[in-house]
Amino acid sequence: MMNRREFCKKACIVAGGLIIPLSALEVFNPRRLLAEKDGNSKVRWVFLVDIHKCVGCGLCVKACKIENDVDWDANVTRTWVERYVVTKGGQTLIDSPKGARDGFITQKIDQASQGLKEVKPEEIAKAFFVPKLCNHCENPPCVQVCPVGATYQTQEGVVLVDRTWCIGCGYCVMGCPYGVRYFHPTLHVAEKCTLCYHRLCQGMKSACVDACPFGARRVGNIRDPEDPVTKIITTEQVNVLKEEFGTKPQCFYLGSSMEVK
Amino acid sequence: MKNHVWRPLYIVLAIVGGIIITRTLLVPNDFGVYERGYMYGWHRKSNEAEWRKYPIKYKSPQICAECHPEKDREIKSSPHASISCQNCHGPNYNHPDDPQGLTIDRSRGLCIRCHAHLPYKGTLRGGIPGINPETHYPQEQCVMCHIPHSPKPMIQKREVKS
Amino acid sequence: MVHGEAWTLKEFFVYPNEYIYWSIQIVMYPFMTGLVAGAFVLSSLYHVFGVKQLKDIARFSLVFSLALLPVAMMPLLLHLQQPLRGINVMMTPHFTSAIAAFGIVFTTYGFIVASEIWFVYRQFIVETVMELRGKQQRSAVDSARLVLYSLLSLGAMDLSPEALHKDERAVGVLAGIGIPVACFLHGYAGFIFGSVKANALWMTPLMPVIFICSAVVSGIALCIATYIITMEIRKLLSTWKRNKRSYLKLPSVEELKSAELQVVTITVKYLVMFLVLAITLELLDLIFRTYTAVKSWDILRSVIYERDFFKIFILQYGFGNLVPFIIFLRPGLTIRRALVGTLLVLMGVFMMRWNVVIGGQAFSASFSGFMDYHLPIWPSTVELYKEGLFGALTVIITPFVLFYLFTRVLPVFGVKDSH
């Protein structure tokens with residue numbers, strides 16, 4: 001015969017024994033873990049930047065900040081434009097004052113604590129502007145390192161952050177080789193470019209794309225062979241940033257140069 | 001005789017059980033593995049919809065011409081044809097309901113984004129007519145002399161004279 | 001202001017969103033975890049490998065490792081932008097992230113240490129319960145103590161020789177399991193850094209091993225240092241009490257002193273062993289980077305050999321490794337020299353963590369600029385407290401406070417133990 005005490009104990013063990021494997025299965029569902037990560041979505045958003053066309057006006061940065069409520073004066077931005085000035089002496093000077101929120105309006109190059117540096121026009125060997133944004137990588141390292149599943153990739157390839165679930169550890173910020181992530185100044189969660197997911201889903205283009213007067217920025221669906229962006233990516237010489245990290249970035253660059261960091 | 005050695009283990013099991021129960025209570029129901037697998041798709045599904053509902057501020061560039069066709073024709077025949085209205089007139093939001101009128105950015109800072117001369121041959125910027133903002137009427141607003149919808153300087157000079 | 005802006009100074013070109021996001025608390029985190037792991041490994045040397053001479057310090061370091069345990073979590077909570085959501089790591093762990101394992105490894109380790117201490121102290125706990133029960137008149141304090149100790153005993157009041165023998169075996173088994181878990185706990189802290197492919201300085205498979213070795217070094221050093229200091233205090237108390245109440249049978253100052261030196265000398269040997277291992281691996285990493293000179297080497301070289309030269313070669317390798325090495329290896333080790341040596345070792349390991357965590361963010365991912373870290377001193381805002389000098393000091397002081405509290409309940413010295 002079992003006394004009451006023993007019965008309670010055994011009941012607890014049995015109940016616990018049942019709960020643990022059941023809930024563990026939720027996390028380690030092998031079928032789901034092996035789920036094809038590629039999926040068969042009809043849409044996969046990609047970005048195309050034409051460096052030749054960029055004039056460094058920064059209207060994209062302005063539009064992005066307003067569209068996505070990024071604090072205007074905070075020194076962080078979801079997208080930015082870099083200026084590269086290569087001198088005839090072989091030196092490369094790079095800057096992006098305030099992420100080019102106000103464009104590039106002076107020849108002086110901002111070297112942060114080293115002050116402003118001016119290069120005489122006759123000493124410039126080449127100069128160009130490079131818009132940057134989240135690459136929405138095929139293998140996003142920032143998503144891989146999120147300990148709680150607060151950042152993820154949608155079916156369409158867009159990397160998003162769940163603002164209600166992010167613990168603010170900063171691992172994703174450190175994990176991104178492109179420096180596109182930062183902490184939201186007031187919400188204190190990881191923040192990044194969403195490729196204007198809310199606009200894309202409505203059939204519109206990203207705010208920065210609409211704002212660019214020169215067509216330097218374009219967004220398209222790589223799964224649609226008729227998409228003009230897809231046609232360019234598949235038929236012309238395009239490059240990606242920091243390919244060596246194995247992140248498979250999905251932001252393609254026309255006219256890139258070896259100086260581009 | 002009962003073995004006391006297992007007592008700490010019972011406590012451990014109780015704590016683990018507590019965590020698991022908290023988990024079922026705290027974790028949203030739609031949290032799980034989705035299209036991109038466990039590595040890239042482990043998330044709360046409803047968050048996607050939350051992002052989709054994010055309010056749009058800049059409307060499609062074509063939308064302005066529907067109510068302002070004459071302005072659209074004007075700018076389309078000028079060198080500023082490629083500049084979308086909302087870059088200077090500000091985001092549309094729900095205009096004309098809210099706001100009824102848009103706040104136009106007439107600042108010098110807006111114009112010199114492109115028209116501050118930078119001597120970068122080989123870029124489009126090098127080819128844009130540019131000034132040195134520090135010496136070209138530094139105190140003035142550009143719109144005092146140049147009409148943004150038809151910015152050819154010659155036209156303006158004639159207009160200013162007449 | 002954006003997180004990180006207050007203490008980051010940029011130079012040349014740095015991406016607009018780049019700041020030193022992982023600051024002093026992330027330096028404290030591997031440092032404190034290292035102390036936990038090291039202290040536990042030290043106690044296991046006695047419990048598992050039967051190094052008899054370490055008996056005295058083993059009990060001490062075991063309790064100390066329990067006191068350090070909650071503190072290893074503190075820097076993380078102080079660092080999190082959303083500390084209240086920290087529990088999410090246990091709720092929806094994403095195991096492709098090195099941090100996700102933290103909750104589980106850390107809890108497992110906590111269970112092991114706590115259970116081991118329970119077995120070590122069970123006899124003491126039960127005896128105390130018996131003694132308190134036996135009292136005719138119990139004061140309020142005594143009643144509270146009775147409740148506490150009764151709870152701690154978990155109702156296991158059996159003190160028969162067989163039961164005590166079981167305790168002993170359980171301690172051995174737990175200490176045995178504990179060593180790999182302790183190494184895992186800290187190796188995985190190294191993995192958190194070593195696996196960040198975006199960071200040229202951090203990314204090396206050696207990182208977890210380097211972290212384990214320096215963890216053991218720092219843990220042993222802290223145990224020796226604290227042990228020496230505690231013994232000094234006991235000596236003072238002993239002299240004072242003897243003068244006051246000469247009828248008490250307290251150990252004489254000489255007895256304490258000789259026992260102390262013996263324990264310290266032996267423990268220092270293990271310290272030197274792990275120190276050699278740690279330095280070898282660190283130098284191997286440095287030589288390898290210099291020799292292979294991949295794309296990132298240009299910027300790493302200017303960080304390691306120019307900007308952080310003083311912090312790396314003078315403070316970390318010089319005063320943190322070389323000087324203690326000489327101190328320990330010179331014949332005729334004294335208590336005072338041992339104390340100086342261990343404190344220098346602790347400083348050296350702290351600098352190693354600093355040079356890894358802050359040094360890894362001293363350069364931009366664009367390899368075209370640098371970031372300088374200015375430790376916030378005065379805590380004028382919550383953020384500057386959390387990620388500043390005072391936040392770090394809070395983390396350093398807490399284990400000693402906890403240790404003091406624990407020793408109120410479970411005396412570390414001069415107790416007859418279960419085995």
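Student: Is C:Glu306 buried or exposed?
Tutor: C:Glu306 counts as exposed, because it has 8 C-beta neighbours inside 10 Å. The cut-offs: buried takes 20 or more other C-beta atoms within 10 Å of a residue's own, exposed 12 or fewer, and partly exposed lies in between, with C-beta atoms placed from the backbone. One caution on the model: it is predicted, local features need pLDDT of at least 70, side-chain atom pairs count only at pLDDT 80 or more, and totals for chains, interfaces and linings use all residues. Residues are numbered from 1 along each chain as its sequence is written, while chains are lettered from A and ligands numbered from 1 in the order in which they are written.

Student: Where does C:Glu306 sit?
Tutor: In helix α9 of chain C, residues 297–307. Helices here are DSSP runs of H or I with at least four residues, strands are runs of E with at least two, and both are numbered from the N terminus.

Student: How far is C:Glu306 from C:Val268?
Tutor: Their C-alpha atoms are separated by 33 Å, and they are 38 residues apart along the chain.

Student: Now C:Leu346. Buried or exposed?
Tutor: C:Leu346 is buried, with 21 other C-beta atoms within 10 Å. Helix α11 of chain C, residues 335–357, holds C:Leu346.

Student: What does C:Leu346 touch?
Tutor: C:Ser218, C:Ala221, C:Leu222 and C:Ala225, leaving out residues up to four places away in sequence. Contact means that the C-beta atoms of two residues, placed from the backbone, lie within 7 Å.

Student: And how far apart are C:Leu346 and C:Val71?
Tutor: 17 Å in space, C-alpha to C-alpha, and 275 residues in sequence.

Student: Zoom out. How many helices and strands are in chain C?
Tutor: Chain C has 13 helices and 2 strands. Its radius of gyration is 23 Å, close to the 22 Å that the globule rule gives for 419 residues, so chain C is as compact as a globular protein of that length. That radius is taken over C-alpha atoms, and the rule is 2.2 Å times the number of residues to the power 0.38.

Student: What are the spans of chain C along its principal axes?
Tutor: The C-alpha trace spans about 75 × 55 × 40 Å. Buried residues make up 48% of the 419 residues in chain C. Of the contacts in chain C with a separation of 6 or more, 77% come from residues 24 or more positions apart.

Student: How do α1(C) and α2(C) pack?
Tutor: Helix α1 (residues 24–47) and helix α2 (residues 55–79) of chain C cross at roughly 160°, and their axes come within 7 Å. That makes α1(C) roughly antiparallel to α2(C).

Student: What are the rules behind those angles?
Tutor: Axes are lines fitted to C-alpha atoms, for helices over the stretch in contact, and angles run from 0 to 180 degrees between N-to-C directions. Under 35 degrees counts as roughly parallel, over 145 as roughly antiparallel, 65 to 115 as roughly perpendicular, and the rest as oblique.

Student: Which residue classes make up the contact of α1(C) with α2(C)?
Tutor: 21 nonpolar, 7 polar and 1 charged. Nonpolar covers Ala, Val, Leu, Ile, Met, Phe, Trp, Tyr, Cys and Pro; charged covers Asp, Glu, Lys and Arg; the others, Gly among them, are polar.

Student: What about α4(C) and α6(C)?
Tutor: Helix α4 (residues 101–134) and helix α6 (residues 161–194) of chain C pack at about 155°, with axes 9 Å apart. That makes α4(C) roughly antiparallel to α6(C). By class, their contact has 19 nonpolar, 4 polar and 3 charged residues.

Student: Switching to interfaces. How many residues of chains A and B are in contact?
Tutor: 55 residues of chain A contact 47 residues of chain B. β6(A) gives the most to chain A's side, with 5 residues. That side has 28 nonpolar, 18 polar and 9 charged residues.

Student: And chain C against chain A?
Tutor: 38 residues of chain C contact 43 residues of chain A. On chain C's side, β1(C) supplies the largest share, 4 residues.

Student: Last one: how many residues of α3(A) are buried?
Tutor: 8 of the 9 residues, so α3(A) is largely enclosed by the rest of the structure. Among the buried ones are A:Cys60, A:Lys62 and A:Glu67. Their cover includes β6 and α7 of chain A, and α6 (85–89) and α7 (108–115) of chain B. After α3(A) comes A:Asp69, with a positive phi near 55°.
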